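Biologist: I am new to this protein. Could you take me through the model?

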Amino acid sequence: MCRNRTAPVAFIRFAPDLTDAAFAAEFHRVSATATQGDGYAPFNEQSLFDVAAGHRAPFLVVEKDGNVVVGAGILGAGELDLVVDPARRRHGYGAAALAEILADAPGELTIWSHGDHPAARALADRFAFTAERTLLQLRLDLSKETAGSAPAEPGAPARTGIRAAVQIDAFRPGPDDAEWVALNALVFAAHPEQGALTASDLAARCAEPWFSAGDFLVARDAGTGTGPMVGYNWLKIESGSPVGEIYVVGVHPDAAGRGVGRRLMLAGLDRLRERGCRTADLYVEADSAAAVALYRSLGFTERTIDVQYRRSPR
């Protein structure tokens, strides 16, 4: 199930998935090398989930003459991820690979530039892609006191603006699934990836080695216990990593302005500290003004910028 096509300096080798050991080893080698060299991963979690689910296909960029793997990527569902091994850059492999892919993909296509790489910007301009979305990665040093983190009670002066009387508990896999999926879809109705998560997507994430129900915080109106879910803060902590991620935060639109998001964020940061994390990371759309303002007010600062480019059908 592989197909090869010729290109000026390289060709693309597709596979339906990553079950072939040799193919997968080269794919992961390029990804790891790029992560180490660039300081950020070339493929986000959703892209890898799509490959595992069979929604998109992985590929390798192979040097035409030496038959050496010089890059890797993921294609399908109108989305493309592409990275070239840092040691093989500036030889035209990225442009050759993109030209070959676009020759067979004349329709609308999006591509992420993780880290807003200058070379990616140049390729986007060359192939008539337009910047459409900007995603910020923000970071917080958990060894420092978080703004508004103490005292713990919401009525205290340090938590001015928090009027939400909510009860925060751990997510219950199974009983809470349908309610969370519905709330997440409502909160992220305008978000192309997060808002489209299904019960199956939730189950797949709950099956990941890093998942812990205790790191998935759910807010309900205080005193109800089993009342409607008004918000959540899902944390992701990889085993042995000093960095914890604010995986996704959501607040019901009807609860906006009550400080539910701040309560959930403070509870999440407390949880990360309890779990031994020294740093907190999160991703947020740059145009989500309220969310960005909240995170910056808590002390988060910018680490990297990801830009998504789109090419309209020709």
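Predicted model: local features only at pLDDT ≥ 70, side-chain atom pairs only at ≥ 80, totals over all residues.

Biologist: Let us begin with the strands. How many bridges join S2 to S3?

Modeller: Six bridges join them, and the two strands run antiparallel. Helices (H or I, at least four residues) and strands (E, at least two) are DSSP runs numbered from the N terminus, and two strands pair if DSSP finds at least two bridges between them. Val62 stands opposite Val69 in S3.

Biologist: What is in the turn of that hairpin?

Modeller: Five residues lie between S2 and S3, and Asn67 in the turn has a positive phi of about 55 degrees. S3 also pairs with S4 in the antiparallel sense, over six bridges. There, Gly76 has Glu79 in S4 as its bridge partner. The hairpin of S3 and S4 has two residues between the strands, and Ala77 takes a positive phi near 55 degrees.

Biologist: Is S3 mostly covered or exposed?

Modeller: S3 is mostly covered, with eight of its eight residues buried. Buried means under 20% relative accessible area, exposed over 50%, and partly exposed in between, with a 1.4 Å probe and protein chains only.

Biologist: Which strands pair with S6?

Modeller: S6, residues 130–141, pairs with S12 in the antiparallel sense over nine bridges, and Ala131 stands opposite Tyr309 in S12. S6 also pairs with S11, again antiparallel, over seven bridges. In that pairing, Leu138 stands opposite Leu282 in S11.

Biologist: What does Leu82 touch?

Modeller: Leaving out residues up to four places away in sequence, Leu82 touches Phe59, Val61, Ala72, Gly73, Gly94, Ala97, Leu98 and Ile111. Contact here means heavy atoms within 4.5 Å.

Biologist: What about the second largest pocket? What is its volume?

Modeller: Its volume is about 740 Å³. Of the 30 residues that line this pocket, the closest to its centre are Val84, His117, Ala119, Ala120 and Leu123. On a 1 Å grid over the protein atoms alone, where a 1.4 Å probe fits, a pocket is an open set of points with protein on both sides within 12 Å along at least five of seven lines, and lining residues have an atom within 4 Å of a point. The volume is the space filled by probe spheres set on the points, which are joined across faces, edges and corners.

Biologist: Which element gives the largest share of that lining?

Modeller: H4 does, with six residues.

Biologist: I would like to turn to single residues. Why does Asn184 count as buried?

Modeller: Asn184 counts as buried because its relative accessibility is 0%. Asn184 is found in helix H5, residues 177–187. Apart from neighbours within four places in sequence, Asn184 is in contact with Gln194, Gly195, Leu197 and Tyr232.

Biologist: And Arg278, where is it found?

Modeller: Arg278 is in the loop between H7 and S11. Arg278 is exposed, with a relative accessible area of 55%. Beyond residues up to four places away in sequence, Arg278 touches Leu140, Asp141, Leu142, Ser143 and Pro242. Arg278 and Pro242 are 36 residues apart in sequence and 5.3 Å apart in space, C-alpha to C-alpha.

Biologist: Lastly, what is the phi of Arg90?

Modeller: Arg90 has a positive phi of about 70 degrees although it is not a glycine. Most residues other than glycine have a negative phi. Arg90 lies in the loop between S4 and H3, and counts as exposed at 85% relative accessibility.

Definitions and conventions. Residues numbered from 1 in each chain as written. Heavy atoms only, no water.
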